[in-house]
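Visitor: I would like to go through the labels used for this model and ask what each one rests on.

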Amino acid sequence: MNNYTMVRDFVLWGFSHLREFQVLLFLFILLVYMLIMLGNLSIITITYLDSRLHSPMYFFLCNFSLMEMLVTSTVVPRMLADLLSTHKTISLAECLTQSFFYFSLGSTDFLILTAMAFDRYVAICRPLRYPTIMSSQVCVRLVVACWVVGFFSIISPTIQKSQLRFCGPNVIDHFFCDSAPLLKLSCSETHHIERVDFFLSLLFVLTTMLLILISYILIVASVLHIPSSSGRQKAFSTCASHLTVVVLGYGSAIFIYVRPNKGHSTDLNKVVALMTSVVTPFLNPFIFTFRNEKVKEVIEDIVKKIFSRDSGAFR
């Protein structure tokens, strides 16, 4: 080991093999990133401004939108800079910092989705006790718990990765500091860290997915006992947007992090990771607005107010 030079800087390879499309990729991802920020910020703003959306369901939705903005911002700005740069180097400290925030925020994201499923379960299966169970204090504590658990769970593996030795090569075949491509470059023993990463993936992806699945099984069983078809449709419509986001988010996460030999299909992993960090956060605001009647009603009222003011100003 003494004959090796320790590597402290890495190169994020990203999409460097698509050299002729670098500018087009930059413009496309920049546009999508701006729309992600605008869409999720709009959800937070209208929820804050309109009293009709001051309920636990939309409180969790605001936190989810904030989380989507933060997760995307840990990856996309650096990726945009690298697309136009010839020097794509990143230090080990910067790499571990990006990795820590990406996985801690991502873990919190899954926990908040689970809290949203629990909220829907209580609203549909325990409607009379809903105001008591999902009080404002309970909602705040749930969200704080999601943040604390998500962040503290990633501290230990991050510290362990900071103690690894890297002897070269130093090219990370990804557009951000994902765990598996980084561990492949280490000349230290990494089996323990890989097991910890896999355990955390099981915990935050499969366990939360199981809890969501149980919630929806109970919801479906309860909805089927509603006598009117309009009542059943209304109950299912309140869950449709959340369920769509769950399918999109969990599908890509399971493909990347909860499967054997997850570090080998690098190109495919990059495409799926791009879907997770860019495409899905872009689609989520549209899913939550176009599939939610109350949010559409609030947006329509805001648009009418804006146009009525503009028409009054021209008179």
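Guide: We can start with strands: two of them count as paired if DSSP finds at least two bridges between them. The model is predicted.

Visitor: What makes S1 and S3 a pair?

Guide: Strand S3 covers residues 171-172 and has two bridges to S1. The rule asks for at least two bridges, so S1 and S3 count as paired. The sense is parallel, and Val-11 stands opposite Val-171 in S3.

Visitor: In which sense do S1 and S2 pair, and over how many bridges?

Guide: The sense is antiparallel, with three bridges between S1 and strand S2, residues 89-91. Here Val-11 stands opposite Thr-89.

Visitor: Why is the sheet described as mixed?

Guide: Strands of a sheet can pair in parallel or antiparallel fashion. S1 is antiparallel to S2 and parallel to S3, and the open three-stranded sheet, in the order S2-S1-S3, has mixed pairing. S2 and S3 are its edge strands, since each pairs on one side only.

Visitor: Which residues of S1 are on the covered face, and which on the uncovered one?

Guide: S1 spans residues 9-12; Phe-10 and Leu-12 are on the covered face, Asp-9 and Val-11 on the uncovered one. In a regular strand the side chains alternate between the two faces of the sheet.

Visitor: How many helices does the chain have besides its strands?

Guide: There are 10 helices and three strands. Along the sequence they follow the pattern β-α-α-β-α-α-α-β-α-α-α-α-α.

Visitor: Why is Leu-96 called buried?

Guide: The relative accessibility of Leu-96 is 8%, and the limit for buried is under 20%, so the label applies. Leu-96 is placed in helix H3. Leaving aside neighbours within four places in sequence, Leu-96 is in contact with Thr-158, Lys-161, Ser-162 and Leu-182. Leu-96 and Lys-161 are 65 residues apart in sequence, yet their C-alpha atoms are 7.7 Å apart. For the chain as a whole, buried residues make up 48% of the 315 residues.

Visitor: How many aromatic pairs are there by the ring-centre rule?

Guide: The count is 15. One of them joins Phe-100 and Phe-151, with 5.8 Å between centres and 75° between planes.

Visitor: Why is the charged end of Lys-270 said to sit over the ring of Phe-15?

Guide: The charged end of Lys-270 is 5.8 Å from the centre of the Phe-15 ring. The distance limit is 6 Å, so the value passes; the rule also asks for a position within 35 degrees of the ring normal. Phe-15 also forms one aromatic cluster with Tyr-102, Phe-103, Phe-175, Phe-176 and Tyr-257.

Visitor: Which residues touch the most other members of the largest nonpolar core?

Guide: They are Met-79, Leu-113, Met-116, Phe-175 and Ile-219, in a core of 73 residues. H3 gives the most to this core, with 15 residues. Not counting residues up to four places away in sequence, Met-116 touches Phe-60, Leu-61, Phe-64, His-242 and Phe-288. Another core, of 15 residues, lies apart from it and includes Val-7, Phe-10, Leu-92 and Phe-166.

Visitor: How do you know which residues the "transmembrane region" annotation covers?

Guide: That comes from an unreviewed UniProt entry, which lists residues 23-46, 58-80, 100-118, 138-159, 198-224, 236-259 and 271-290. Such annotations may be inferred rather than shown by experiment. In the model, residues 100-118 are 100% helix and 0% strand, with end C-alpha atoms 27 Å apart. Residues 271-290 are likewise 100% helix and 0% strand, and their end C-alpha atoms lie 26 Å apart.

Key
Residues are numbered from 1 along each chain as its sequence is written. This is a predicted model: local features need pLDDT of at least 70, side-chain atom pairs count only at pLDDT 80 or more; totals for chains, interfaces and linings use all residues. Side-chain values use heavy atoms; hydrogens and water are left out. Rings of Phe, Tyr and Trp (its six-membered ring) pair if their centres lie within 6.5 Å; planes under 30 degrees apart count as stacked, over 60 as edge-to-face and the rest as tilted. Helices (H or I, at least four residues) and strands (E, at least two) are DSSP runs, numbered from the N terminus. A nonpolar core is a set of buried Ala, Val, Leu, Ile, Met, Phe, Trp, Tyr and Cys residues joined through side-chain atoms within 4.5 Å. Buried means under 20% relative accessible area, exposed over 50%, partly exposed in between (1.4 Å probe, protein chains only). Contact means heavy atoms within 4.5 Å.
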